[in-house]
Amino acid sequence: MKKISFTLNGEERHLELEPWRSLLDALRNEAGLTGTKKGCDVGDCGACTVLVDGKPLNSCLMLGVEADGREVVTIEGIEHPLQEKFAQLGGAQCGFCTPGMIVMAKALLDENPNPTEDEIRFGIAGNICRCTGYTRIVEAIEAAAKEMKK
Amino acid sequence: MRRFEYFEPATLAEASALLARYGARAQPLAGGTDLLVELKEQLRRADCVVNIKKIPGIAAMSFDPRAGLRIGALVTAREIEISPVTAKYYPSLVQAARELGSIQVRNRATIVGNVCRASPSADTLPPLIADGAVVSIHGGQGTRRVPLEDFFTGPGKTVLKSGELMTEIVVPPPAPRTGKVYIKHGRRKAMELATVGVAVTLELEDEVRIVLGAVAPTPIRAKAAEALLRGREIDPALIERAARAAAEESRPISNVRASAEYRREMVGVLTRRALQRALDAVR
Amino acid sequence: MSDFSVIGESRLRPDMPGKVSGRAQYAGDLSLPGMLHAKTKRSNVAHARIKRIDATRALAYEGVKAVLTHHDVPRVLHYGSPHPRSASVTKDQYILDSKVRYWGESVAVVAAVSEEIAEEALDLIEVEYETLPALLTVDEAFSSSVRIHELRNDNLVVDPVTVRRGDVEKGFKEADLIVEGTYAMGRPTPAYMEPNVCVSQWSEDRLTMWISTQTPFMVRGILAEVLGLPLTKVRVLVDHMGGGFGAKQDLFQTEFLCALLAKKARRPVRMEFTRKETFLGGRSRHPGTVWLKQGFRKDGTISARQARVTFNSGAYGSHAPGVTAVGTTALTSLYRCDNVLLEGRAVYTNTPIAGAYRGYGVVQTYYALDIQMDEAAEKLGMDPAALKLKNAVREGDLSPSGHPIVGHGLEDCIKRGMEETSWPVTRKSGHGVVRRGRGMGCEMHGSSAYPGIKEQGNATVRMNDDGTAQLFTGTTGLGTGAHTALAQVVAEELGLRFEDVSVVHGDTDVVPWDIGAFASHTTYMGGRAAQMAAAEVKKQLLSIAAEALEASHQDLEIRQGVVRVKGSDRQISVRDAVSPKLGLPTPQLIASATYKPTKSYSFAAHFVEVQVDTETGQIDVLQVVPVHEVGRVIHPVAAAGQIEGGIQQGIGHTLTEDYVIDLQTGRSLNAGFVDYKMPLSLDMPPIRTILLETAPDPGGPFGAKGVGEDPIIAIGPAIANAVYDAIGLRFRHYPITPEDVVSGLRQKRKV
């Protein structure tokens with residue numbers, strides 16, 4: 001077991017983890033935050049997207065022990081106009097891809113506050129949604145970007 | 001994932017020693033976007049995982065107009081993707097990086113890792129080879145350099161010996177008037193493993209290198225195609241002949257992604273398109 | 001300006017705040033003290049008897065608390081999909097059998113203190129197989145003497161279905177043109193984002209199961225039956241689900257295994273599929289062939305239609321009877337024809353199981369029918385949309401279920417789509433490398449599982465003493481927003497504000513029995529029952545209000561939570577009307593309703609533009625204009641969402657999705673998202689959804705009908721027809737791959 005310390009959604013956390021525990025499993029189990037979902041566990045679907053030091057990545061492909069000394073942000077730590085837009089405009093249906101999608105969209109808007117539709121679609125190309133056909137997800141992200149310009 | 005022993009060596013020497021001691025039972029961990037997938041799908045066993053991300057001096061990417069581009073072992077695909085320097089001088093490498101997995105994957109996957117994994121369809125390999133990249137390998141006997149073109153020996157197989165680690169890739173500076181193109185063929189526009197990959201580096205009326213991915217056990221230079229073009233004035237008819245030559249040089253297999261016949265045909269189509277685009281870029 | 005108070009508005013779905021914040025709980029998020037993790041050992045052979053299976057070493061492994069093989073579980077033959085005594089499903093499964101019938105079938109399960117240990121323990125289970133000849137194709141299954149199941153003396157899942165109307169022979173004699181073809185369908189799978197998961201916990205002799213399922217009451221029923229428990233001792237809970245698309249109405253054997261492991265270990269157990277297992281152990285759409293022959297008169301009307309539908313059920317029957325019946329019978333309709341002879345059958349093969357999936361057999365049969373209409377249009381010299389419009393079913397025609405069709409929904413869809421896309425467009429024939437084409441495809445689909453399954457809608461509405469109301473519904477929350485629609489129905493009927501209605505669902509101890517969420521049943525059947533129950537409560541409420549306002553029922557109306565005397569300013573809030581009064585018993589306003597089955601049909605016409613790269617064979621869908629007639633739109637965003645999502649899945653199965661089996665060994669070749677290719681954000685076109693309300697069905701709440709399955713049926717033929725328009729190649733199968741295009745064009749050039 002390895003002891004790690006890291007910042008999780010702004011709070012200092014200390015966990016003891018086996019090295020083979022993915023960050024995804026560590027977040028969902030040891031850290032008790034089940035908002036981040038496991039859709040495939042092998043980096044193909046983006047449902048497990050979290051921010052580590054501001055960068056979006058698949059938490060299933062990172063070992064939990066690698067979070068030591070980092071800043072991790074999950075969906076539970078996010079408050080952003082994206083959420084209201086997803087909720088109002090049909091950006092979510094079953095909701096399983098939604099946490100990862102919103103985290104990715106936030107990272108996208110953090111880097112590029114004024115994305116074109118193509119840039120949005122490129123940005124979320126690693127997030128699979130099986131419910132919406134992506135049309136309203138793109139709309140929601142555009143609406144959030146617009147809202148933030150005000 | 002099955003359980004494993006875990007190390008975070010602080011130096012290259014420590015890492016090499018660990019890898020040498022455990023031999024085939026150890027796996028180095030950089031980005032983890034290949035290794036963790038293979039461990040989870042039981043395509044690879046690791047009794048010991050050696051995380052090399054704490055080793056200093058291998059994380060930098062730098063460019064010098066005379067020395068070229070240096071890509072340290074921990075440089076991610078995303079860094080290559082968004083760097084203004086690579087955009088200007090190594091556009092085919094950028095194109096390849098851009099199509100590797102997703103942004104989430106690219107924030108972790110390293111170029112060196114992509115190279116060492118040696119998948120025949122890996123995206124960064126054809127452009128790096130087309131640009132004449134050379135790799136530095138650290139091992140028990142110090143450092144050795146190997147042209148990337150000579151690095152691969154089979155699908156997933158390289159010249160790396162037990163205990164060795166690749167520390168950087170050096171890509172020569174581009175000659176003036178060079179066009180560089182990478183085209184990836186896949187069934188959809190992202191999250192794809194190339195069914196065919198073609199990289200072309202074309203120095204106008206001088207040198208041309210055409211590298212094919214996913215159509216042989218390793219990436220291969222389409223040397224017969226290159227020979228048709230080298231030093232000549234290139235017109236559409238010549239491009240067509242070169243494309244066909246490249247197709248004939250490819251040795252693709254059939255699998256669930258595509259049949260060999262289709263892949264061979266696509267080598268022709270993509271080589272033609274890549275050559276044309278490279279030419280347009282240079283003019 | 002709508003007369004409605006809340007119907008037709010896209011109100012904020014009550015499940016949304018939880019879903020966008022990560023707080024929404026799915027079955028796999030649950031953690032119970034002492035919970036164990038279960039993993040499944042799967043066969044690596046397609047057809048074999050288990051000569052010997054020994055789990056002793058696994059059981060002895062440190063951290064393992066329970067192991068089950070076929071020796072340890074009750075041997076009860078049961079339905080693969082827990083619809084009770086339904087003609088739609090097959091009774092051919094054991095919890096674990098001494099035989100395996102497809103590569104990847106479960107042979108043993110382990111519960112351990114961690115997933116890693118459970119996985120390691122699987123390696124310690126010793127299995128000896130006696131391989132049997134594997135029948136991997138439909139042809140092999142028909143011609144071989146080997147039997148995959150012992151229940152029949154052939155490899156059919158069920159007796160073939162035959163549907164007859166009129167006289168086909170006479171019809172074909174009348175025909176001026178006969179068109180015939182065989183159409184072939186691949187194997188798409190639903191690929192819901194949330195892998196199957198269940199958690200079991202025993203308390204004394206009571207079983208509680210948290211599970212991602214569309215049919216909690218069915219799961220409860222079959223668990224009780226197979227485990228020998230009264231229904232009062234089994235409680236099934238479903239909160240949020242990460243998609244199901246029809247496939248999560250089946251049993252995956254995990255339900256029993258999870259419960260039995262929990263019983264044996266005396267600890268709660270979670271069993272979660274890996275993504276790979278959602279393929280191996282999941283359900284796909286039925287692959288198969290449709291042979292179709294139609295006779296056309298020179299005016300374009302259809303004089304005869306004959307078809308033979310053959311579906312590949314995989315190793316178990318699951319929904320083969322229902323899918324075959326519904327898919328085959330659908331061919332009596334859509335385009336009018338008095339003389340019809342249809343045969344449908346389903347056959348076992350040693351391949352992964354096909355089951356219920358959005359569209360339920362009609363995706364396959366209408367793919368054939370609609371493409372053939374385009375073929376006929378060409379031969380007749382008619383525009384395809386015009387031909388389809390001419391033959392479209394309409395008011396009074398007999399639907400596949402035998403009910404008369406209400407309204408002219410299909411005609412309305414076709415006409416509107418033609419208008420919106422300026423159809424037809426005369427185009428110069430394309431000669432470039434990249435060519436564009438346009439096509440359209442139609443469909444109709446029923447709301448409700450009638451008559452195949454014991455269909456009914458149940459609802460209970462209860463008003464609280466603060467004027468808020470609760471709807472108790474047994475329909476499950478798939479994630480479509482249907483529960484929001486139900487809340488809107490109740491609010492509208494009762495005259496309450498939307499915010500004052502909440503929906504209670506997902507606990508079989510609390511809500512009324514329901515078949516579950518599938519067959520586009522929730523809005524239509526569940527919604528109508530909710531409306532009926534709300535109407536009863538309204539009567540009770542009006543009695544109280546009438547007294548308070550000293551008026552009669554008829555003079556009262558309720559809107560936005562206020563009861564008014566019409567044409568006067570006398571009013572009382574609902575809250576005040578029902579609130580407890582000193583000295584009086586608090587009124588109990590509660591009513592239940594059961595809506596007996598009927599069926600209504602929704603319609604759609606999809607207009608599509610595609611682009612084909614003639615050198616690589618790549619097909620891109622550039623634009624989709626889906627026109628859907630749904631009776632009444634309760635929640636526009638939710639309705640459009642269903643359509644757009646269905647189009648994603650439909651583009652998938654038409655162009656890139658195919659779950660492939662090695663035809664030598666039966667092994668899965670692409671049980672994962674790397675090589676099972678779904679359209680992603682960059683692959684999906686802009687979609688301009690149009691909703692029509694021109695044929696409301698009086699059987700639905702406020703005239704509403706279902707919409708969930710329609711989009712996935714119409715999009716496929718629309719794309720195939722557009723590809724023909726682009727490059728002159730007629731494809732009669734899906735998926736249409738780039739290789740198909742390239743080799744097709746090569747053949748064409750030779751000719």
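The structure is a predicted model, in which local features need pLDDT of at least 70 and side-chain atom pairs count only at pLDDT 80 or more, while totals for chains, interfaces and linings use all residues. Residues are numbered from 1 along each chain as its sequence is written, and chains are lettered from A and ligands numbered from 1 in the order in which they are written.

Chain C has 751 residues, for which a compact globule would have a radius of gyration near 27 Å, and the value of 27 Å for chain C agrees with this. The radius is taken over C-alpha atoms, and the globule rule is 2.2 Å times the number of residues to the power 0.38. The C-alpha trace of chain C spans about 90 × 75 × 45 Å along its principal axes. Of its 751 residues, 62% count as buried (20 or more other C-beta atoms within 10 Å of the residue's own, with C-beta atoms placed from the backbone). Among the contacts in chain C with a separation of 6 or more, 81% join residues 24 or more positions apart; two residues are in contact if their C-beta atoms, placed from the backbone, lie within 7 Å.

The secondary structure of chain C comprises 18 helices and 29 strands, defined as DSSP runs (helices H or I, at least four residues; strands E, at least two) numbered from the N terminus. One open sheet of chain C has three strands in the order β6-β2-β8, with antiparallel pairing; two strands pair if DSSP finds at least two bridges between them. Its edge strands, β6 (99–100) and β8 (126–131) of chain C, each pair on one side only. Strand β2 (residues 48–54) of chain C pairs with β6(C) over two bridges, and C:Arg49 has C:Lys99 in β6(C) as its bridge partner.

Chain B is divided into domain 1 (5–52), domain 2 (61–171) and domain 3 (178–282), with bounds from an automatic or database domain assignment. The C-alpha centres of domains 1 and 2 of chain B lie 19 Å apart. Their contact takes 13 residues from domain 1 and 19 residues from domain 2. Helix α1 (residues 12–22) of chain B supplies the largest share of the domain 1 side, five residues.

The contact between chains B and C takes 18 residues from chain B and 18 residues from chain C. On the chain B side, helix α11 (residues 260–282) gives the most, with four residues.

Terms used: A residue is buried if 20 or more other C-beta atoms lie within 10 Å of its own, exposed if 12 or fewer, and partly exposed in between; C-beta atoms are placed from the backbone.
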